[in-house]
Structures are given as structure tokens and as C-alpha cells.
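Dear colleague,

I am handing over the structure below, and after it you will find an account of what turned up when it was examined.

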Amino acid sequence: MPLLDHLIELRSRLLKSLLAIAIAFGACLYFARPIFGILVRPLVRAGQGKLIYTQLFEAFFVEIKVALFAAMMIAFPVIANQLWKFVAPGLYRKEKRALLPFLFATPVLFAIGACFAYFVTVPLALKFLLGYQGDIGGVTQEALPSVGNYLSFIMQFIMAFGIAFLLPILLMLIERSGLVTREQLVSARRYMIVAAFGIAAVATPPDVLSQFLLAVPLILLYELSLFAIWFTQRRRNKTGAETAPVEPLEEV
């Protein structure tokens with residue numbers, strides 16, 4: 001296709017993706033309060049029954065952010081489908097078969113990471129952080145988180161863990177593309193451990209527990225990626241050996 005046709009096709013795919021986001025945003029804005037009610041459940045279970053807002057427009061913008069956040073999650077399958085339709089015509093059939101499993105696994109792994117953050121990491125982090133309340137030298141220390149602060153807190157956790165759980169897909173893709181080998185990834189294990197704690201320090205709130213809760217799954221996912229690469233390599237080698245043509249014997 002000429003360059004202009006590619007640009008027209010890209011514009012069409014972008015408009016359809018934006019339309020899906022806009023429709024999902026409209027629906028999520030109507031249900032913004034119930035959605036935010038789901039997001040605050042870990043805070044309620046941790047014993048904190050009050051959220052405040054110190055600026056008049058803060059609660060309004062929180063509902064906008066909640067609706068946009070939920071809309072991006074809901075519209076992701078449509079966005080991924082439009083991306084695939086734009087890329088797929090330029091791929092060979094073998095490349096399509098290789099990429100399709102990764103395309104389907106991406107939302108599943110992201111959802112697993114988000115659920116891990118919501119059900120495991122956030123409650124533990126809240127229990128630790130809210131544990132500083134109480135009487136200190138005759139002065140009562142009480143946590144009064146704002147709605148905007150808490151929304152940023154839980155969204156940061158969900159996005160960080162959702163993206164972190166995509167690590168196996170990223171490593172398997174770069175290995176399949178030939179950029180790195182499994183042996184290179186194995187030899188870089190010690191650097192990955194350091195990088196995991198560095199990523200956790202940037203992607204989570206500045207407390208040791210939150211960073212530890214992200215760094216450990218990252219390291220485990222790296223090891224899982226190495227095993228998955230080994231397994232797929234073994235399967236490819238076995239399939240290649242079975243389909244390889246047999247050379248005829250030369251007559252003496």
C-alpha cells in the first residue's frame with residue numbers, strides 16, 4: 001500500500017479506538033460513584049472509614065479520572081483489535097500464528113496483575129501505612145486521606161502490577177525476534193534482580209513493603225519467562241525435527 005493509504009488506514013483505526021473509549025467513558029461516568037465504591041473497599045477493610053477532599057473541584061475530577069480509568073480498561077479489547085487489524089495485513093501467516101497467542105495473553109496477564117494488586121498488595125500496604133495512627137506523646141495521629149490522593153494511590157498500584165505482569169510476554173517476544181537469547185537472559189539474572197527493586201522503587205509509593213511486594217513478583221515472573229522460553233524453544237525444535245525433510249539415500 002502507498003504511504004497515504006497507510007496513514008488513512010491508521011486514522012480510521014485511531015478514530016474507532018477513540019470512539020470506543022468515548023462510549024465506554026460515557027457509560028463509566030454515569031457509574032463513576034459505584035466504580036469508585038469498589039476501589040475504596042480495600043481502604044474500608046483496612047479500617048479507614050473516611051475520605052476527605054480539600055478543594056471544591058477535587059471530588060468532581062476524581063469521578064472524571066475514575067470514569068476514564070475504567071473506560072480504558074473496558075475499551076482495551078477494541079483498541080487491541082484495531083491495532084491487530086492495522087498490523088496483521090503486513091505479516092506472514094506464520095508470524096500471525098506466532099503473535100496471536102501473545103495478543104490474547106496480554107489482557108489476561110494484565111487482569112491477573114491488577115487483581116493481585118487489588119486483593120493482595122493494596123490491603124497489605126494500607127494495613128502497614130495506616131498502622132502509624134494512634135497516640136504519640138499525648139497527641140493523636142490520625143490518617144485523613146483525600147479522595148484524589150487515594151485514587152492516585154490505588155491506580156498506581158493497579159497499573160504498576162498490571163504492566164509488571166506483562167513481563168513474560170515482553171521477554172518472549174524479544175527472544176522470538178532474535179534480539180536476545182535465553183542464555184543471555186539467564187546470565188543477566190543478577191542485573192534483573194537489581195532492576196526489579198529499582199522499578200519497584202519508582203512504580204510504587206515510597207515505603208519498603210510496597211516496593212518489596214512488587215519486586216518479588218517481578219523476579220518470579222522473570223524466572224517464569226525463562227522457563228516459558230525454554231519450553232517453547234524445545235517445542236519449536238521438536239516440531240522442526242518432525243517436519244524436516246528426509247534426505248534420500250544415495251545409490252551405491
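Helix α9 covers residues 189–203, and its 15 residues, at 1.5 Å a residue, should span 21 Å, which agrees with the 21 Å between its end C-alpha atoms. Please keep in mind while reading this and everything below that the model is a predicted one. Within α9, the residues Met 192, Ala 196 and Ala 200 are buried, and they lie on the same side of the helix because the arc they cover around the axis is only 75°. The other side of α9 carries Arg 190, Tyr 191, Val 194 and Val 202, which are exposed.

How many salt bridges does a search of the whole structure find? The search finds three, and the other pairs are as follows. Glu 63 forms a salt bridge with Arg 33, where the closest N and O atoms are 2.8 Å apart; this pair links distant parts of the chain, with Glu 63 in helix α4 (residues 58–87) and Arg 33 in helix α2 (residues 32–39), 30 residues apart. Glu 9 forms a salt bridge with Arg 13, and here the closest N and O atoms are 2.8 Å apart. Because Glu 9 and Arg 13 are four residues apart in helix α1, about one helical turn separates them. Glu 9 counts as partly exposed at 25% relative accessibility, while Arg 13, at 15%, counts as buried.

Helix α1 (residues 3–30) also contains Leu 7, which counts as partly exposed at 46% relative accessibility. Leu 7 belongs to a nonpolar surface patch of about 590 Å², made together with Leu 3, Leu 4, Ile 8, Leu 10 and Leu 14.

Turning to the aromatic residues, the structure holds 11 aromatic pairs. In one of them, the rings of Phe 116 and Phe 161 have their centres 5.7 Å apart and their planes at 40°, so the pair is tilted. Phe 116 sits in helix α5 (residues 93–129) and Phe 161 in helix α6 (residues 147–164), so that the pair links distant parts of the chain, 45 residues apart. Phe 116 is partly exposed, with a relative accessible area of 28%, but Phe 161 is buried at 0%. The rings of Phe 116 and Phe 165 also pair, with centres 5.9 Å apart and planes at 40°, which makes this pair tilted as well. Phe 165 is buried, with a relative accessible area of 10%. Ring pairs link Phe 116, Phe 161 and Phe 165 with Tyr 150, Phe 153 and Phe 157 into a cluster.

Finally, in helix α7 the buried residues are Leu 167, Pro 168, Ile 169, Leu 171, Met 172 and Glu 175, and just after α7, Gly 178 takes a positive phi of about 90°.

With kind regards

Definitions and conventions. Residues numbered from 1 in each chain as written. Predicted model: local features only at pLDDT ≥ 70, side-chain atom pairs only at ≥ 80, totals over all residues. Heavy atoms only, no water. Patch = residues over 30% accessible without salt bridge, like charges linked within 9 Å, V, L, I, M, F, W, Y side chains within 5 Å. Areas by Shrake-Rupley, 256 points an atom, 1.4 Å probe, with all protein chains shown as cover. Salt bridge = Lys/Arg side-chain N within 4 Å of Asp/Glu carboxyl O. Helix = DSSP H or I, 4+ residues; strand = E, 2+ residues; numbered from the N terminus. Buried < 20%, exposed > 50% of the residue type's maximum accessible area, 1.4 Å probe, protein only. Phe/Tyr/Trp six-rings, centres within 6.5 Å; stacked < 30°, edge-to-face > 60°. Expected span 1.5 Å × (residues − 1). Arc of directions from axis to C-beta.
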